[in-house]
Every structure is written in structure tokens, then in C-alpha cells.
Amino acid sequence: MYLHGNSRVDHNGHLEIGGCSTVQLAEQYGTPLYIYDEVLIESKCREFHEALKETGLKYQVAYASKAFLCIEQARLIEREGLCLDVVSSGELYTALQAGFPPEKIHFHGNNKSIEEIEEALDAKIGCFVVDNFFELEVLQAIAEDRGVYVSILLRVTPGVEAHTHEYVMTGQEDSKFGFDITSGQANEAVAISLDSPNLKLLGIHSHIGSQIFEPDGFVHAIKILMNFLNALKNELDYTAEILNVGGGFGIRYTSEDEPLSIVKHIDQITSIIKQQCEELSYPVPELWLEPGRSIVGEAGTTLYTIGATKNLPSVRKYVSVDGGMTDNIRPALYGSKYEAMLANRANDENKEVVSIAGKCCESGDMLIWDCELPVVESNDLLAVSCTGAYGYSMANNYNRIRRPAVVFVKDGVSRVVVQRETYKDLIKNDMIYIENSSIR
Ligand SMILES: *Cc1c(COP(=O)(O)O)cnc(C)c1O
């Protein structure tokens with residue numbers, strides 16, 4: 001397992017993260033446990049700032065909160081001077097409860113409810129990233145009703161889709177998100193926005209995919225976006241202040257992954273923007289980015305206790321842990337790959353290839369197929385690295401399994417930022433009706 005950030009093996013042969021022994025963390029907080037290297041999250045935020053400052057462009061970085069959000073995470077993001085993307089009133093509520101400055105919150109999503117729009121307007125958030133014609137109409141109507149002016153970006157689909165090292169051109173973009181450029185819908189949306197007296201169009205937004213390793217997809221998308229903006233300038237006399245190119249910067253889950261560094265991504269993105277603006281004589285817009293995974297992914301490690309093993313000679317050895325698809329659904333959902341190590345015997349030599357199973361009643365509840373480990377025993381601690389993004393945020397209560405606690409570690413100090421759910425939490429919304437009596 002690759003040791004990210006402030007992880008190392010201590011003199012006892014135990015995995016240590018942020019100066020804290022994972023063996024002690026397991027004793028203190030139990031397992032499964034999400035452990036975040038707080039300093040690594042901070043340094044990722046700083047990497048974005050530093051790389052962008054170098055470019056001389058005006059910029060904003062918004063953390064995509066869907067990757068991982070809780071009150072302390074929102075506070076960390078605020079301290080690091082990032083903005084925040086939310087896609088639901090639940091994420092908005094969490095951010096507001098954390099005291100996150102509302103003007104630095106951007107609201108995304110392809111089906112914001114009227115209630116959500118109202119709540120976001122009540123909170124006076126910074127801007128809406130408008131996704132479709134229905135939302136444009138509703139937002140204008142509500143804003144007019146309230147007598148307020150609302151800043152918006154329009155999410156457009158440039159017909160470029162990127163995943164890991166490949167990107168594809170998808171002629172007529174078949175996506176539930178955004179206004180399509182090719183068919184002219186994006187153009188129409190801009191015209192409507194400019195005609196909507198209560199909407200202030202700051203610019204356009206595009207998000208082309210996730211876990212992107214190479215900048216070609218961004219480069220291609222930006223060329224299309226800049227040509228689109230230039231056409232708007234000529235046809236509608238509209239000049240965008242902001243170009244938001246989304247997130248999706250890849251991280252290293254396993255040794256197969258070789259992501260480009262944040263600095264290099266930003267270099268490529270900003271050079272193509274500058275070059276296009278020069279060619280088109282277009283004023284350089286402010287650049288907005290929206291990283292999620294690349295801020296928190298590598299900082300998270302999940303710690304499990306090993307229980308049962310099942311050996312099928314010459315077929316496979318299954319090693320079961322006390323969590324699974326309830327705390328990390330990505331392997332089951334996307335076939336995502338992870339690496340693991342024994343946290344309590346980190347120096348032991350790998351001796352066999354086993355498969356790590358979760359405890360849920362689903363054959364698909366497998367965390368890792370073919371993982372090299374020492375010969376494991378029950379009660380060994382298994383650490384799975386790189387679980388910081390879309391782990392806790394996608395956690396669920398299948399089989400009525402309680403969601404694990406989340407702990408931040410830094411300089412040898414650990415603190416719980418989300419408590420482990422209790423059994424009471426599991427039934428807190430259940431109504432109990434008892435024959436011949438009122439509700440208990
Ligand atoms: C999910 C998402 C992001 C963040 O993606 P990552 O792969 O986590 O960086 C950014 N912008 C939008 C619109 C998204 O939907």
C-alpha cells in the first residue's frame with residue numbers, strides 16, 4: 001500500500017497517520033473507522049492556491065462538498081480560503097451550520113427544488129450554477145417575486161467527456177446535466193439569462209468527468225468553451241467574467257494510477273485559456289475550479305478489523321472485515337480499486353493474495369479483489385488507503401449497519417469529527433405503534 005501524506009510505519013511496526021498510531025486509534029474509537037490526515041487536506045488546498053497564484057489569473061477554488069462533508073470539514077475548507085459547492089439543501093444546511101460564509105457557496109444540481117432555491121436565497125449564497133431551462137424560469141420568477149438579483153453561471157456541456165487517461169468527444173452530449181452547446185441550447189440559455197431582469201449571468205461552467213489523469217480533455221473542452229464564449233460576444237455582445245471548468249482531477253488509488261500533479265493540470269488549463277483568449281482577442285476571464293476527490297481522497301484511510309476467513313484451495317481466500325459496501329460502496333458501484341495493508345503488522349512480508357470481503361448480505365460486497373497481504377489472522381487490523389472521497393459521503397445503513405466514526409489526525413492528536421452512529425440513531429425515525437395504545 002502506498003503511504004500518502006503523513007503516513008508511515010512506526011517503531012512498533014504499526015501504521016501511523018498524522019503522528020497517531022492506527023492501532024491506538026482502533027482501540028480508542030473502534031472499527032471501522034475513517035481516519036483523515038488533516039495536514040494532507042490542508043496541503044492539497046494550498047497546492048491549488050499556490051499553483052493558481054503562479055499563473056497570474058484571477059481565480060477561485062470551490063471544494064466540491066459532495067466528496068466529503070461534515071461541520072469540521074467545512075470549517076477546514078473555510079480556513080484554507082476555498083469556496084464551497086453544494087448540490088442539495090442538506091449540504092447547504094451543513095455548511096451554514098459550520099458558519100461557512102454564504103457568499104462563498106455555489107449551488108449546483110440538475111433538479112434543485114423550489115424549496116432548495118428558496119432556502120439558498122434566504123441564506124444569500126454566492127451563486128447558482130443553473131442546469132436547465134426549467135430552473136432558469138423558476139429562478140427568475142422567484143427572484144422577481146422577492147425583488148432580488150441572483151448571480152448565476154450556466155452549466156454547459158461541451159461534448160467532451162473525460163475519465164482517467166481517456167477522453168471522448170460525444171457529438172450531441174447525452175447527459176442529464178447542463179445545456180448542450182452543439183445543438184444551440186446553451187446559446188438559447190444565455191439569451192434567456194440576459195433577458196431575465198433578475199438574473200446576473202457571471203459566466204459559464206463545465207465539468208467534464210472525474211478521476212482525470214491527463215489534461216487533454218480539459219484542453220479540448222476549453223477550446224470549445226472559449227469558441228462558444230467568443231461566438232456569444234459577437235452574436236449577443238456578451239462577455240463572460242467567469243469560466244468555471246469544474247473538477248475531476250485524478251488521484252492515486254493504486255500503483256496502476258499515475259495522475260498528473262495539480263500544478264501540471266493547472267499549468268495546462270491556464271496556458272490554453274491564455275492562448276485562446278489571445279487568439280480570439282477575448283478578455284481573460286476569472287478561472288474557477290471545483291476539486292473534490294483531489295482535496296480529500298488521498299487523505300482518508302479506512303481501518304477495519306479482520307474477522308472470518310474462508311479458504312477455497314486453488315480458487316481464492318476470502319478475508320472478511322467488519323465494514324464493506326456500507327462505508328465504501330465504490331468498489332461495488334464502479335468496480336473501483338483500492339490498496340490495503342495490515343496496520344498492526346505493517347513490516348510483515350506479503351505472503352499471499354487474498355480478497356477482502358465486506359460483511360453485507362450481497363455477493364457484490366467486496367472491497368478488494370486480489371490483495372497482497374501477510375498471512376492474516378482474525379483481529380488483525382486492515383487499513384484501506386485513499387478512501388477520503390465518496391466514502392463517508394456515500395455511506396449507508398444497509399443491513400442496519402451503523403455508519404462509522406470519522407476522526408481527524410494531526411501532529412499526533414486525534415479528534416472525532418463525526419461520531420459513530422448508535423443503535424438509537426438507527427431507529428430514531430421509526431414510529432412504534434402498539435395495539436390498543438397511543439404512540440410510545
Ligand atoms: C462531482 C463534481 C465535482 C468534483 O469532482 P471530483 O472528481 O471529486 O473532483 C466538481 N464539479 C461538479 C459540477 C461535480 O458534479
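In strand E3 of this predicted model, Ser 21 is the bridge partner of Glu 16. Strand E2 (residues 15-17) is joined to E3 by 2 bridges, and the two run antiparallel. Both belong to an open sheet of 3 strands, ordered E1-E2-E3 with antiparallel pairing. Strand E1 (7-9) and strand E3 (20-21) have a single partner strand each and stand at the edges, so one side of each lacks a neighbour in the sheet.

E10 and E11 form a hairpin, with 1 residue between them. Thr 164 is placed in strand E10. Its phi is positive, about 45°, although Thr 164 is not a glycine. Thr 164 counts as partly exposed because its relative accessibility is 25%, and the buried class requires a value under 20%.

Further backbone features occur elsewhere in the chain. Most residues other than glycine have a negative phi, and most peptide bonds are trans. Cys 386 has a positive phi near 65° and is likewise a residue other than glycine. Cys 386 lies in the loop between strand E22 (381-385) and strand E23 (405-410). The relative accessibility of Cys 386 is 1%, so this residue counts as buried. The peptide bond from Thr 31 to Pro 32 is cis, and its omega is near -10°. Pro 32 is located in the loop between helix H1 (22-29) and strand E4 (33-37).

Helix H5 (residues 114-123) has a buried side. Its buried residues are Glu 116, Ile 117, Ala 120, Leu 121 and Ala 123. These residues lie on the same side of H5 because they cover an arc of only 160° around the axis. An α-helix has 3.6 residues a turn, so residues three or four places apart point the same way. The exposed residues Glu 115 and Asp 122 are carried on the face of H5 turned away from the buried side. Several elements cover the buried residues of H5. Among them are helix H4 (89-97), helix H6 (133-146), strand E7 (105-107), strand E8 (127-130) and strand E9 (150-157). Just after H5, Lys 124 adopts a positive phi of about 60°.

Helix H8 (residues 216-236) contains Asn 230. The relative accessibility of Asn 230 is 13%, so Asn 230 counts as buried. Apart from neighbours within four places in sequence, Asn 230 is in contact with Leu 280 and Tyr 282. Asn 230 and Pro 404 are separated by 174 residues in sequence and by 50 Å in space, C-alpha to C-alpha.

The volume of the largest cavity is about 60 Å³. Its lining comprises 14 residues, of which His 4, Ser 7, Glu 298, Ala 299 and Thr 301 lie nearest the centre. By class, 7 residues of this lining are nonpolar, 5 are polar and 2 are charged.

Definitions and conventions. Residues numbered from 1 in each chain as written. Predicted model: local features only at pLDDT ≥ 70, side-chain atom pairs only at ≥ 80, totals over all residues. Heavy atoms only, no water. Helix = DSSP H or I, 4+ residues; strand = E, 2+ residues; numbered from the N terminus. Buried < 20%, exposed > 50% of the residue type's maximum accessible area, 1.4 Å probe, protein only. Contact = heavy atoms within 4.5 Å. 1 Å grid on protein atoms, 1.4 Å probe; cavity = no way out; pocket = protein on both sides within 12 Å on 5 of 7 lines; lining within 4 Å. Points joined across faces, edges and corners; volume = space filled by probe spheres on them. Nonpolar A, V, L, I, M, F, W, Y, C, P; charged D, E, K, R; others polar. Arc of directions from axis to C-beta. Pairing = 2+ DSSP bridges.
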